[in-house]
Amino acid sequence: MNRKSFLDELKVLLCVNLEPSEVKSAYQYYSELFDEEDEDALISRLGSPQSAVDGILEGRGSAGHTIRGGMSALFLSLRVRGYRFKAVLWILIMLFVLLCELLVASVIILDLYAVLTFRYIWKLWVLRDLSALSFCVLLIVITVRHMPYAVFRRRKKNE
C-alpha cells in the first residue's frame with residue numbers, strides 16, 4: 001500500500017465513520033503525517049486505514065462501529081479498490097429498484113387514466129397499483145438505508 005491508496009481508503013472510511021465536520025481535520029492530520037514521516041515506516045506503524053479509523057473512534061470514546069455517509073461515501077468508495085465491487089453492485093441494485101419504481105408509477109398513471117375515462121368501474125386497480133408503489137418506495141428506503149452497512153461492514157477475524 002502506498003500513500004495515495006492509504007489516504008483514499010482512509011478518506012472513505014472517515015466519511016463513513018465520522019461526522020462531516022470531523023472528516024476534514026482527521027484527513028488533514030493523516031496527510032500531514034505523510035509529509036513529515038517516511039511513507040513506509042508510517043504505513044507499517046499505522047497498519048491499515050481501518051485500524052487508523054478504529055484508533056480515532058477509540059480516542060473519541062465511540063461505542064461500537066458507526067456507519068454514516070450514505071451516498072457520498074458510496075461514490076467515494078468507487079475510487080478505492082477494496083470497496084469498488086460492492087459499491088458498483090449496490091449502485092446497480094438501486095438503479096434496478098428505481099426502474100421498478102418507474103414501471104409501477106407508469107402502470108398507476110395508465111390505470112388512473114382508465115378509471116377516470118370509465119374504462120374500469122372498480123377503483124381496486126388503483127389501490128393495487130398504489131400498494132405496489134408503496135412497496136417499491138419501501139424497497140428504495142431499505143436499499144439506501146442499509147447500503148453503507150453492506151459495503152463498509154468490517155469482517156471479523158475468523159471470516
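Mentor: A salt bridge here is a side-chain nitrogen of Lys or Arg within 4 Å of a carboxyl oxygen of Asp or Glu. The model is a predicted one, and a search of the whole structure finds 3 such salt bridges. One of them involves helix α2, the part examined here.

Helix α2 runs over residues 20–36, 17 residues in total. From first C-alpha to last it reaches 25 Å, close to the 24 Å expected at 1.5 Å a residue. Its buried residues are Val23, Ala26, Tyr30, Ser31, Leu33 and Phe34. Viewed down the axis of α2, these fall within an arc of 145 degrees, so they line one face of the helix. The face turned away from that buried side carries the exposed residues Ser21, Lys24, Asp35 and Glu36.

The cover over the buried residues of α2 includes α1 (3–17), α3 (39–46) and α4 (49–60). Tyr30 shows this in detail: leaving aside residues up to four places away in sequence, Tyr30 touches Leu7, Leu10, Leu46, Ala52 and Ile56. Tyr30 also belongs to the largest nonpolar core, which has 25 residues. Together with Phe6, Leu10, Leu14 and Leu18, Tyr30 touches the most other members of that core. The elements giving two or more residues to this core are α1, α2, α3, α4 and α5 (70–77), and α1 gives the most, with 8 residues. A second, separate core has 5 residues, among them Leu74, Trp90, Ile91 and Met94.

Asp35 counts as exposed at 56% relative accessibility, whereas Arg3 is partly exposed at 28%.

The other two pairs complete the set of 3. Lys4 and Asp8 meet at 2.8 Å, N to O, and both lie in helix α1, 4 residues apart, about one turn of the helix. Lys4 counts as exposed at 56% relative accessibility, but Asp8 is buried at 17%, because the limit for buried is under 20%. Arg45 pairs with Glu37, the closest N and O atoms being 2.9 Å apart. Arg45 counts as exposed at 52%, and Glu37 is partly exposed at 32%.

Technical notes:
Residues are numbered from 1 along each chain as its sequence is written. This is a predicted model: local features need pLDDT of at least 70, side-chain atom pairs count only at pLDDT 80 or more; totals for chains, interfaces and linings use all residues. Side-chain values use heavy atoms; hydrogens and water are left out. The expected span of a helix is 1.5 Å times one less than its number of residues. Buried means under 20% relative accessible area, exposed over 50%, partly exposed in between (1.4 Å probe, protein chains only). The arc is that of the directions from the helix axis to the C-beta atoms. Contact means heavy atoms within 4.5 Å. A nonpolar core is a set of buried Ala, Val, Leu, Ile, Met, Phe, Trp, Tyr and Cys residues joined through side-chain atoms within 4.5 Å.
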